Amino acid sequence: MNQSIGDSGLDDIYKKIKKEERLSFEDGVRLYRSNDIIALGAMADIVRRKKNGNKAYYIYNQHINYSNICINLCRFCAFGRKREADGAYEMTIEEICEKIRERLNEPVSEVHIVGGLNPDLPYSYYIEMLKEIKKVRPSIHIQGFTVVEIAHLADISGKSVEKVLEELAEAGLGSIPGGGAEVFSARVREKLCPKKLSPEGWINTAKISHRLGLRSNATMLYGHIETYEERVEHLMALRDAQDETGGFLCFIPLAFHPGNTDLESLSATTGFDDLKNVAVARLMLDNFDHIKAYWIMIGPKLAQIALSFGADDIDGTVIEEKITHMAGAETSEALTEKELRKLIREAGRDPVKRDTLYNEL
Ligand code: V47
C-alpha cells in the first residue's frame with residue numbers, strides 16, 4: 001500500500017478506489033475532513049492516471065463577458081450590476097466581433113461567452129451574436145451562455161428551453177460552460193442567490209442540452225458559507241446527472257474570491273482547500289473524464305501542483321477575464337501557450353493542446 005495513504009486512516013476508501021468502487025456520501029465527507037493532503041492527492045492521482053495517463057490538457061481560448069447587467073445580483077458576485085450602477089456595461093455585437101477579429105492572427109479555437117441576466121437585451125441579440133461571430137471566425141467553437149442564461153432566454157422569448165437550445169445551436173453555439181451551479185444547497189442559495197435558477201432547473205437544463213447533443217461543463221463555487229456535506233451533496237447530484245446523460249465534459253471547482261462582494265469579510269480560499277476540492281472532485285466524480293484546475297482562480301503555480309492532485313486540465317490562455325478579477329483576483333488575465341506548456345511539462349506531464357470537446361489538436 002502507498003505509505004502516505006496507509007497512515008491516513010482512509011485505507012478503506014483507498015481499497016474502494018483501487019477496485020473502482022463508487023464512493024458514498026460518507027466517504028466524500030471523510031475525504032473533505034481529512035487534512036492528509038498527500039494521501040488525498042495520491043488517491044486522486046491514481047484515478048486521474050487511469051483516465052488520462054500522462055496527458056494534461058490546455059486550450060487556446062478567449063473569454064468575452066458581453067454584459068455585467070444582471071437581475072439576479074448574487075451576493076458572492078462582484079461582476080453583476082444594476083443598469084444604473086457605476087461600471088455597468090453592455091457590448092454591442094460589433095464590439096464583440098471586434099474582440100474576435102483582434103485575435104484572428106492567433107490559433108484561438110474557442111471563445112467562452114458568459115454574461116449577466118440582462119433584462120433589456122432581446123433574444124435576437126444572442127442569436128445575432130452567435131451568427132456574427134461565426135461570420136468573423138467560422139472555425140471557432142463557441143462555448144457560451146451558462147444554463148442560467150439559457151433559462152433566462154427561454155423566459156424572455158416565451159420559448160421552451162429545447163427550442164432556445166435548438167435555435168442557439170443552429171446559430172452557432174457549440175457547447176455550454178459550467179457556471180451558475182454555485183452550490184445546490186437550498187440553505188446556501190436562500191442566503192446568497194435567492195433569485196437564481198433552482199438546482200433542479202440547472203440540472204434539468206443541462207440534461208436537456210445533453211439530450212440535444214450540446215455538451216456542457218459543471219462547476220461548484222466553494223469557499224464561502226457552504227459545509228463539507230453540502231459540497232458532497234452537490235458533487236453527488238452532478239454524478240447522478242452524468243449517469244443519466246454522460247453529457248458533462250469536465251468539472252471545474254471555482255474558488256470563491258470575496259473582494260468587492262457582499263461577503264468581503266470572508267477570507268479567500270487557502271491552497272489546502274483548493275487542492276482538496278480538486279482531489280475530492282476527482283474521487284467522487286468517477287463518471288467525469290476531466291477535472292479542470294482553473295488557473296485564473298487558484299493561480300498558475302497552484303494549478304500546476306493540482307496536476308498531481310487529480311486535475312488533468314488547466315484551462316487555457318483565457319485573455320481578458322472579468323468575473324474573478326472584479327472580485328479581487330491577483331492572477332494575470334492571460335497566459336501564453338508557451339507558459340501553459342511549461343507549467344505542464346515541469347509537472348512531469350505531456351502537454352496536450354485540445355479543442356473544447358477534448359479532441360487533441
Ligand atoms: O457561475 C461568481 C463564479 C462563475 C465569483 O465551463 C465567482 O469551462 C469566484 O463558470 N469568486 C462563472 N467565482 C465562471 C464559470 C467558468 C469559469 C471558467 C471556466 C468555465 C468552464 C466556467 O463564476 C459563476 C460563479 O459560480 N463566480 N462570482 C467570485 N466572487
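Mentor: Happy to! Let's start with a term: a cavity is a set of grid points where a 1.4 Å probe fits but cannot get out. Keep in mind that this is a predicted model.

Trainee: What volume does the largest cavity have?

Mentor: By this rule, there are three cavities of 30 Å³ or more. For the largest cavity, the volume comes to about 40 Å³.

Trainee: How many charged residues are in the lining of that largest cavity?

Mentor: The residues lining the largest cavity are Glu110, Gln143, Asn217, Leu249, Cys250, Lys292, Arg354, Thr356 and Tyr358. Sorted by class, this lining has three nonpolar residues and three polar ones, and the number of charged residues is three.

Trainee: Which helix supplies at least two residues of the lining of the largest pocket?

Mentor: By class, the lining has 20 nonpolar, 15 polar and six charged residues. Strands S6 and S7 each supply at least two residues of the lining, and so does helix H7 (147-157).

Trainee: And which strands each supply at least two residues of the shell around the ligand?

Mentor: The shell is made of 22 residues, and the closest are Phe76, Gly178, Gly180, Glu182 and Lys292. Twelve of the shell residues are nonpolar, eight polar and two charged. The strands that each give at least two residues to the shell are S6 (216-222) and S7 (248-255).

Trainee: What share of the ligand's exposed area does the protein bury?

Mentor: Nitrogen atoms of the ligand lie 2.8 Å from a polar backbone atom of Phe76 and 2.8 Å from one of His257. An oxygen atom of the ligand is 2.7 Å from a backbone N or O atom of Gly180. Taken alone, the ligand exposes 610 Å², and the share of that buried by the protein is 97%.

How values were computed. Residues numbered from 1 in each chain as written. Predicted model: local features only at pLDDT ≥ 70, side-chain atom pairs only at ≥ 80, totals over all residues. Heavy atoms only, no water. Near = heavy atom within 4 Å. Polar contact = N/O pair within 3.5 Å; in protein donor to acceptor, adjacent residues only side chain to side chain. Areas by Shrake-Rupley, 256 points an atom, 1.4 Å probe, with all protein chains shown as cover. Helix = DSSP H or I, 4+ residues; strand = E, 2+ residues; numbered from the N terminus. Nonpolar A, V, L, I, M, F, W, Y, C, P; charged D, E, K, R; others polar. 1 Å grid on protein atoms, 1.4 Å probe; cavity = no way out; pocket = protein on both sides within 12 Å on 5 of 7 lines; lining within 4 Å. Points joined across faces, edges and corners; volume = space filled by probe spheres on them.
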